[in-house]
Amino acid sequence: MSQSNENSGSHTRFVALKMCLSVIEQGRSLSQVLPEGLAQFSDRRERAFVQNLVLGTLRWQFRLMAIRSQLLKKKLKAKDEDVNQLILLGLFQILYTDTAKHAAVSETVNVTAKLKKPWAKGLINGVLRNFMREQASICAEVDLKPAQKYAHPQWFFKALRKAYPDNWQQILEANNQIAPLTLRNNRKFQNRDQLQQLLSDAGFATELHPDCEQGLILQQSTDITRLPTYDEGGFSVQDAAAQQAAQLLQPKAGEHILDACAAPGGKTSHLLEYSDGDIDLFALEKEPERLDRLAENLYRLDLQCDYTVGDAAEPETWWDGRPFDKILLDAPCSATGIIRRHPDIKWHRVPEDIEELVQIQSRILDALWPTLKPGGRMLYATCSVLPQENSQQIQAFLERTTDAKLVPLAVEWGWHGSTTGRQILPGNHGMDGFYYCLLEKAQSA
Ligand SMILES: C[S@@+](CC[C@H](N)C(=O)[O-])C[C@H]1O[C@@H](n2cnc3c(N)ncnc32)[C@H](O)[C@@H]1O
């Protein structure tokens, strides 16, 4: 990962710092913070520079914090978290970008004036210069601990090592990579080869994704709204792992299908595009604002289905009693499979969240199962890598649900160690970390 810093002075770093602080101090999500912050820059290169600073500083936060602890004799006060984060921003530039080191240090130090903390100027200058002198020995010391070396919270590192004794390192490394930009062609609009040609004519090279019928990987990152056919609904942005949902559920014309946790509608729209004839799809979402995003996405893609705000764990409040042929349960989860796209998850997620999510998932599974037809199928999905939310969740469901059985998944991808379903580890076949399990309800006696 590297980024040149032409045009970029202390202002870009100041804005990047504010964005990091919004995530770390105020607990905001990077997906909210990033678009707001980047909107301040009209220059494409400045936007790219700031984005790299923010994503990188958050991605490497746990390693950078360990380095900072080696350099600072006394901890800074809580009210000086801005100075703390500014040190991390400086360390990130020295370690992970090709910005000239003297410029990285001086422009970072200059931010102290904008913070109105002139006392911090000498401190930050000293810390960053000491680091440059002692980089090799400090990094060697910090990297003795794997959680620090791979920049993940200790609890998560331990959970991964327990669940994947042979793969934990590969997962942690993949989580620190920049994720590919994958598109899903809208087959109702054009075929995949046609989209590839249109993109190529516009100067954007793509590769066909071997595991997705409609997937294309863009070779360079770009503002996708500028690509041909975006406005007309010719494609969506969707990781290859998420594109597996429709392929596994195989929606067929005339089927009555529930998309139980639907917003922002990535999989809803794929289900609607997938079948040759119309499906009778009902999309449910608990958060009204998120349902608005689903509606906007369907509108752009010129797709229609019924949707409503509702709690999947309380079908009595929204279900009309007509059993579903198929259900997609893309359950609320820890999102620990998509850390490479959302590095702030490393910061926001805590062990107590997992216990709570496991309870919610289990309640939704139990509540939705009676709404499925005998002989019907439910696809359970999460973007988590934690077995409690995935294989163990489904194992427990199968033990208490006598009319549920597993349908084997005939797919190439994924880690074969799960007792139920298939776990995609981040980076496997280039995909995000995901879990899928297909369940079938017994025919009535
Ligand atoms: C993993 S996201 C779904 C992503 C979506 N399927 C897509 O492909 O774009 C989970 C969604 O479930 C919603 N949700 C959480 N709890 C829910 C519940 N009890 N009932 C319905 N939706 C819920 C969340 O607000 C969130 O939008």
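## Helices and the model

Helices here are DSSP runs of H or I with at least four residues, and strands are E runs of at least two, both numbered from the N terminus. With that in hand, helix α14 covers residues 288-301 and includes Glu289. You are looking at a predicted model, in which local features need pLDDT of at least 70 and side-chain atom pairs count only at pLDDT 80 or more, while totals for chains, interfaces and linings use all residues. Residues are numbered from 1 along each chain as its sequence is written, and side-chain values use heavy atoms, leaving out hydrogens and water.

Look for Cys383 in the loop that runs between β9 (372-382) and α17 (391-400). Is Cys383 buried or exposed? Cys383 counts as buried because its relative accessibility is 14% (buried is under 20%, exposed over 50%, partly exposed in between, with a 1.4 Å probe and protein chains only).

Helix α17 holds Gln392. Gln392 is partly exposed, since its relative accessible area is 46%. Ser418 is 26 residues from Gln392 along the chain, and the C-alpha atoms of the two are separated by 8.9 Å.

Arg400 of helix α17 pairs with Asp366 of helix α16 (residues 351-368), linking distant parts of the chain that are 34 residues apart. The contact between the side chains of Arg400 and Asp366 is a salt bridge of 3.0 Å, N to O (a side-chain nitrogen of Lys or Arg within 4 Å of a carboxyl oxygen of Asp or Glu). Both partners are partly exposed: Arg400 has a relative accessible area of 38%, and Asp366 comes to 33%.

One to look at joins the side chains of Lys117 and Asp82, at 2.9 Å from N to O. Here, too, distant parts of the chain are linked, as Lys117 sits in the loop between α6 (101-114) and α7 (119-142) and Asp82 in helix α5 (residues 81-96), 35 residues apart. Lys117 is buried at 12% relative accessible area, and Asp82 is buried at 13%.

Another salt bridge connects the side chains of Arg340 and Asp239, at 3.3 Å from N to O. Its partners are 101 residues apart: Arg340 lies in the loop between β8 (324-330) and α15 (345-348), and Asp239 in the loop between β4 (235-237) and α12 (244-249). Both Arg340 and Asp239 are buried.

## A negative patch on the surface

Which residues gather in a patch of negative charge on the surface? They are Glu287, Glu289, Asp292 and Glu296. Patch residues have over 30% relative accessible area and no salt bridge, with like charges joined within 9 Å and nonpolar side chains (Val, Leu, Ile, Met, Phe, Trp, Tyr) within 5 Å. Glu289, the α14 residue from the opening, counts as exposed because its relative accessibility is 51%.

Key: Accessible areas come from the Shrake-Rupley method with a 1.4 Å probe; for residues, only the protein chains shown count as cover. Lys and Arg count as positive and Asp and Glu as negative; His and the chain ends are not counted. The place of a charge is taken as NZ of Lys, CZ of Arg, CG of Asp or CD of Glu.
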